[in-house]
Amino acid sequence: MATSLLLSSSFPSSSPLSQPRRTTSNVPTSCFPYGRISAKLFLKSGYVPLCSVRFCRRIMAGTSIGETEEESVEPVTVGEDSAAFDLGQQKISSWIYFGGILGVVLFLLDVVWIDNSTGFSKDFIAAVSGVSESHEVVMLTLTVIFAIVHSGLASLRDSGEKLIGERAFRVLFAGTSLPLVVSTVVYFINHRYDGMQLWQLQSVPGIHQLVWFSSFVSFFFLYPSTFNLLEVAAVDKPKMHLWETGIIRITRHPQMVGQVIWCVAHTIWIGNSVAVAASIGLIGHHLFGVWNGDRRLAARYGEAFDHVKRRTSIIPFAAVLDGRQKLPQDYYKEFLRLPYLSITMLTLGAYLAHPLMQVASFRLHW
């Protein structure tokens with residue numbers, strides 16, 4: 001799932017699961033499923049979520065004959081609806097602006113970092129390679145450098161945004177992380193078969209299909225904020241989201257789960273020490289991200305995050321199996337959305353483009 005490291009961003013996020021309704025009346029906090037917590041999140045802005053209004057009406061109306069209390073109360077979410085995309089709310093100008101920004105970023109990335117005649121990545125790789133002649137050590141070092149910068153800046157997000165603003169901090173974050181991940185991915189592609197062979201399973205029947213399917217599935221575990229392309233490009237003001245639906249019902253940290261799936265699949269396929277080193281670095285980084293992500297969301301959302309945390313799990317399906325998370329009957333609809341269709345197409349495209357990616361990497365001689 002190394003390609004997913006290149007994505008840190010935004011199909012425009014939509015509103016929470018239930019669209020809010022403007023109200024001028026005094027709504028009692030008992031009408032909110034979490035009382036004062038929901039009131040703090042919604043009443044400050046003068047909005048009351050429709051789900052809370054329905055919840056309140058049920059309380060005032062009482063339970064119908066033959067209907068249990070559990071059946072009468074609809075599940076209510078505190079967080080946002082993952083991967084929601086309303087085409088009618090999109091502005092053509094925003095996407096034109098996004099395309100322009102993307103073009104400028106790719107041009108600067110090539111000139112300042114990738115191109116061996118003008119960029120700094122070749123010297124950066126040479127400096128890191130000077131640490132050791134071992135490709136495993138260099139691979140792990142590159143991953144650790146990226147992890148420190150990426151997670152370090154993420155940890156400084158709150159203070160950084162207060163100091164220079166949300167958009168400026170996003171530019172700093174992406175402008176620092178993107179060159180490092182490109183160098184790490186290119187080095188992995190160029191040296192993935194340079195390590196000591198530990199096993200050879202590529203000729204085993206079914207292994208190729210297993211690796212392909214696992215890699216394909218791993219991209220459906222992208223963190224929902226990855227879909228907010230307009231936020232990642234700072235066209236829309238970047239936000240720290242508290243997601244609760246979609247893939248979050250399965251695992252609160254889908255990016256980590258997807259990375260583990262990708263690493264295990266590719267390590268099985270390649271079967272050497274360089275692949276093991278890359279997997280150790282990537283999985284370690286994402287395991288740290290589990291702790292760090294929960295810490296940051298708890299600091300930002302407080303009790304609201306505590307409620308989401310109680311209804312979700314780190315291990316996939318754990319909350320579902322122990323009854324803390326109840327999947328809606330139409331849960332599949334939370335994946336029948338444009339972002340996941342795009343992920344499907346991009347993942348298939350990336351697989352078909354593997355030969356082109358390898359040729360492009362080999363030409364850099366990193």
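**Contacts, burial and helix packing in the model**

A polar atom of the H253 side chain lies 3.5 Å from the backbone oxygen of V290, a polar contact being a pair of N or O atoms within 3.5 Å, of which, within protein, one must be able to donate a hydrogen and the other to accept it, with residues adjacent in sequence counting only if both atoms are side-chain atoms. The model is a predicted one, in which local features need pLDDT of at least 70 and side-chain atom pairs count only at pLDDT 80 or more, whereas totals for chains, interfaces and linings use all residues. Residues are numbered from 1 along each chain as its sequence is written, and side-chain values use heavy atoms, with hydrogens and water left out.

A second polar contact, of 2.8 Å, joins the side chain of H253 to that of D294. H253 is found in the loop between helix 10 and helix 11, where helices (H or I, at least four residues) are DSSP runs numbered from the N terminus. With a relative accessible area of 11%, H253 is buried, a term that stands for under 20% relative accessible area, while exposed stands for over 50% and partly exposed for what lies in between (1.4 Å probe, protein chains only). When neighbours within four places in sequence are set aside, H253 is in contact (heavy atoms within 4.5 Å) with G289, V290, D294, S313 and I314.

The loop between helix 10 and helix 11 (254–270) also holds A234, which has a positive phi of about 65° although it is not a glycine. Most residues other than glycine have a negative phi. A83, another residue that is not glycine, likewise has a positive phi, near 60°, and its place is in the loop between helix 3 (69–72) and helix 4 (92–114). A234 is buried at a relative accessible area of 11%, and A83 is buried at 5%.

The structure holds eight salt bridges, each a side-chain nitrogen of Lys or Arg within 4 Å of a carboxyl oxygen of Asp or Glu. In one of them, R311 and E244 meet at 2.0 Å, N to O; R311 lies in helix 13 (residues 303–311) and E244 in the loop between helix 10 and helix 11, so the pair ties together parts that are 67 residues apart in sequence. Both R311 and E244 are buried. Another salt bridge is formed by E161 and R300, whose closest N and O atoms are 3.9 Å apart. Since E161 lies in helix 7 and R300 in helix 12, this pair ties together parts that are 139 residues apart in sequence. E161 counts as buried at 13% relative accessibility, whereas R300, with a relative accessible area of 34%, is partly exposed. A further salt bridge joins the side chains of D322 and R324 (3.0 Å, N to O), of which D322 is partly exposed at 46% and R324 is partly exposed at 34%. Salt bridges that share partners also join R157, D158, E161 and R300 into one network.

Helix 6 (residues 135–155) has 21 residues and reaches 30 Å from its first C-alpha to its last, close to the expected 30 Å, the expected span being 1.5 Å times one less than the number of residues. Its buried residues include V138, M139, L142, F146 and A147, and what covers the buried residues of helix 6 includes helix 5 (121–129), helix 7 (157–164), helix 8 (166–191) and helix 12 (273–301).

In helix 15, the end C-alpha atoms of the 15 residues are 21 Å apart, which agrees with the span of 21 Å that should result at 1.5 Å a residue. P339, Y340, S342, I343 and T347 are buried in this helix. These residues cover an arc of only 150° around the axis, which puts them on the same side of helix 15, the arc being that of the directions from the helix axis to the C-beta atoms. The buried residues of helix 15 pack against helix 9, whereas M345 and L352 are exposed on the other side of helix 15.

Rings of Phe, Tyr and Trp (its six-membered ring) pair if their centres lie within 6.5 Å, with planes under 30 degrees apart counted as stacked, over 60 as edge-to-face and the rest as tilted. By this rule the count comes to eleven aromatic pairs. The rings of F220 and Y340 have their centres 6.0 Å apart and their planes at 5°, so this pair is stacked. F220 lies in the loop between helix 9 (207–218) and helix 10 (229–232) and Y340 in helix 15 (residues 338–352), so the pair ties together parts that are 120 residues apart in sequence. Both residues belong to a cluster in which ring pairs link W212, F216, F220, F227, Y331, F335, Y340 and Y351.

Note on methods: Helices (H or I, at least four residues) and strands (E, at least two) are DSSP runs, numbered from the N terminus.
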